[in-house]
Amino acid sequence: MSLRVNIDGCVGCGVCMEICPEIFKLDDEEGKVVVISIDRDDKTRTLVNEAIESCPMGCIWRKKI
Ligand code: SF4
């Protein structure tokens, strides 16, 4: 699974970054999220799932590759 973000939908609220800073970071120029890593372990996967559920714009999801 790969992690995807709909950048057009992201409002840069920071919720995902607060939940999982190992994976999500703010692009200071764009004011939108960037994915900086992949969720390699169960703990990070759980946090990413929480971030997916908490994104107010519903713009983070997993895609089968
Ligand atoms: S929670 Fe959603 S809208 Fe907020 S910064 Fe993350 S991806 Fe963007």
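1. Val35 has its place in strand β3, where a strand is a DSSP run of E with at least two residues, a helix is a DSSP run of H or I with at least four, and both are numbered from the N terminus. With a relative accessible area of 35%, Val35 is partly exposed; the scale behind this word calls a residue buried under 20% relative accessible area, exposed over 50%, and partly exposed in between, using a 1.4 Å probe and protein chains only. Not counting residues up to four places away in sequence, Val35 touches Leu3, Val5, Ile23 and Phe24, and here contact means heavy atoms within 4.5 Å. Val35 and Trp61 are 26 residues apart in sequence, while their C-alpha atoms are 12 Å apart in space.

2. A word on the basis of these values: this is a predicted model, in which local features need pLDDT of at least 70 and side-chain atom pairs count only at pLDDT 80 or more, whereas totals for chains, interfaces and linings use all residues. Residues are numbered from 1 along each chain as its sequence is written, and side-chain values use heavy atoms, with hydrogens and water left out.

3. Ile23, one of the residues that Val35 touches, lies in the loop between α1 and β2 (24-27). Is Ile23 buried or exposed? Ile23 counts as buried, because its relative accessibility is 1%. Leaving aside neighbours within four places in sequence, Ile23 is in contact with Leu3, Val34, Val35, Ile36, Ser37, Ile38, Asp39, Thr44 and Val48. From Ile23 to Asp41 there are 18 residues along the sequence and 12 Å in space, C-alpha to C-alpha.

4. Asp39, which is among the contacts of Ile23, is found in the loop between β3 (32-35) and α2 (42-54). Asp39 counts as buried because its relative accessibility is 10%. Its side chain is joined to that of Arg62 by a polar contact of 2.6 Å, a term that stands for a pair of N or O atoms within 3.5 Å; within protein, one must be able to donate a hydrogen and the other to accept it, and residues adjacent in sequence count only if both atoms are side-chain atoms. Apart from neighbours within four places in sequence, the residues in contact with Asp39 are Ile23, Thr44, Arg45, Val48 and Arg62.

5. Asp27 belongs to strand β2 and is partly exposed, with a relative accessible area of 26%. The side chain of Asp27 reaches the backbone nitrogen of Glu29 at 2.9 Å, and, neighbours within four places in sequence aside, Asp27 is in contact with Lys32 and Val34. Asp27 and Lys43 are 16 residues apart along the chain, and 24 Å separates their C-alpha atoms.

6. Ser2 lies in strand β1 (residues 2-5), and with a relative accessible area of 16% Ser2 is buried. A polar contact of 3.3 Å links the side chains of Ser2 and Arg4.

7. Which residues are closest to the ligand? They are Cys10, Cys13, Gly14, Cys16 and Cys55, out of 14 residues that surround the ligand, where a residue is near a molecule if one of its heavy atoms lies within 4 Å of it. Helix α1 (residues 15-19) gives the most to this shell, with three residues.
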